[in-house]
Amino acid sequence: MGEPLERPVLPWLESRTARTTSFYDTSDLHLVKRNPPDPNIKRKQRWTKHKWWLLFSNTVLFCYGLGVLLLSCLTYFKFYRSADVIIIGENMLLNMVLATSIICLLSSFVGYVGIMLNNRPILAVYNLLLWPCFGMIAAVGYTAYRKNKWNLEGKLSYQWHYQLDSDGRGTIQANLHCCGYKSFTDYHEGSNKCFPRTLLPGCKFKYQNFTREALTMTYIVAFAMIPVHLFVLFSALLCSNHINRTFGKGLPPKIYRLDYQGIVSGTPTGSSVIIHSEGLQQRH
């Protein structure tokens, strides 16, 4: 009963000196921590720098998504004078801008949930949602640029003569203070200011200038947002897996996974040979 035992192989110990052939008493095999942590006391966890960086980039996404959404709502509710012209003349582009802002805001909300909960699956969904945002921003910029640079005069003339109804033409005439497209005789809509002897010019020049300025501003802002969104996207890709200090799924490496049925170091007959042959049988 009192025979000395060899010190068992303890793979969780960092020091290699533990695997010596020196002999110890049985009592030496019981490792007890002097000051065990109190389970009732919760340690204050600090955010990692990756989490702060991810929070900052997601806030940037939230800010420009909210700004674009507010601008779209102001246009739809006609809070400024030229909103009617944009709603009638560039309705498809306005819908694309609204959809882009909604997707960006939805993605930022998902990102905030994943950041606050330290939830990596939610952050994976957040990373996936950032790609449709990128596609929509690029689509808005390309659509505005293509229409502005490729025969804008012919497109607006076709729109005025074949696509707009009488209410649309009348609204543009009242907003831009013009009458007819080229002149009064070219598809005009009669009103108290648009009549045969009116002094108002045609809408062609004013409508083209207004549309060109609106499209130019749209594609400049959209293309300027692409580098910012790429910053948000790559920040999410690089920082989402480091939202906390847990590596991977929090499991120990396979070499340190033990079968505790074979650990008999606390018994008088236990030895390192038994531990190595029986206790670590599942390592391989």
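**Chatting through helices, loops and disulfides**

Visitor: Let's start with E90. Where does it lie?
Guide: E90 lies in the loop between α2 and α3. Helices here are DSSP runs of H or I with at least four residues, numbered from the N terminus. The model is predicted, so local features need pLDDT of at least 70 and side-chain atom pairs 80 or more, while totals for chains, interfaces and linings use all residues. Residues are numbered from 1 along each chain as its sequence is written, and side-chain values use heavy atoms, leaving out hydrogens and water.

Visitor: Thanks! Is E90 buried or exposed?
Guide: E90 is buried, with a relative accessible area of 12%. Buried means under 20%, exposed over 50% and partly exposed in between, with a 1.4 Å probe and protein chains only.

Visitor: And what does E90 touch?
Guide: Setting aside residues up to four places away in sequence, E90 touches V85, K147, T211 and L215. Contact here is heavy atoms within 4.5 Å. The C-alpha atoms of E90 and A214 are 9.4 Å apart, although 124 residues separate the two along the chain.

Visitor: Changing topic: how do the axes of α1 and α4 cross?
Guide: Helix α1 covers residues 49–76 and helix α4 covers residues 120–149; their axes come within 13 Å and cross at roughly 40°. Axes are lines fitted to C-alpha atoms, for helices over the stretch in contact, with angles from 0 to 180 degrees between N-to-C directions. α1 and α4 are therefore oblique to each other; under 35 degrees counts as roughly parallel, over 145 as roughly antiparallel, 65 to 115 as roughly perpendicular, and the rest as oblique.

Visitor: Which residues make that contact between α1 and α4?
Guide: From α1 there are L54, N58, L61 and Y64, and from α4 there are L123, Y126, L130 and I137. By class, the residues of this contact of α1 with α4 are seven nonpolar, one polar and no charged. Ala, Val, Leu, Ile, Met, Phe, Trp, Tyr, Cys and Pro count as nonpolar, Asp, Glu, Lys and Arg as charged, and the others, Gly among them, as polar.

Visitor: Okay, now α1 and α7. At roughly what angle do their axes cross?
Guide: They cross at roughly 145°, and the axes of α1 and α7 come within 9 Å. On the α1 side the contact is made by H50, W53, L54, F56, S57, V60, L61, Y64 and V68, and on the α7 side by M225, V228, H229, F231, V232, S235, A236 and C239. This contact of α1 with α7 has 13 nonpolar, four polar and no charged residues.

Visitor: You mentioned C239. Is C239 buried or exposed?
Guide: C239 is buried, with a relative accessible area of 6%, whereas C73 is partly exposed, at 30%.

Visitor: Speaking of cysteines, how many disulfides are there?
Guide: The count comes to two, taking a disulfide as a pair of cysteine sulfur atoms within 2.5 Å. C178 and C203 form a disulfide with their sulfur atoms 1.8 Å apart. The torsion about the S-S bond of C178 and C203 is about 95°, so this disulfide is right-handed. Both C178 and C203 lie in the loop between α6 (166–176) and α7 (204–239), so the pair ties together parts 25 residues apart in sequence.

Visitor: And how far apart are the sulfur atoms of C179 and C194?
Guide: They are 1.7 Å apart, and C179 and C194 form a disulfide. The link of C179 and C194 is right-handed, with 65° about the S-S bond. C179 and C194 are both buried. With the bonded cysteines of the chain numbered in sequence order, the pairing is 1-4, 2-3.

Visitor: Last one: what is E189 in contact with?
Guide: E189 lies in the loop between α6 and α7. Leaving aside neighbours within four places in sequence, E189 is in contact with S166, R169, G170, Q173 and C194. The buried residues of α6 include R169 and Q173, and what covers the buried residues of α6 includes α2 (83–89), α5 (152–163) and α7. After α6 comes H177, whose phi is positive, near 60°.

Conventions:
Helices (H or I, at least four residues) and strands (E, at least two) are DSSP runs, numbered from the N terminus.
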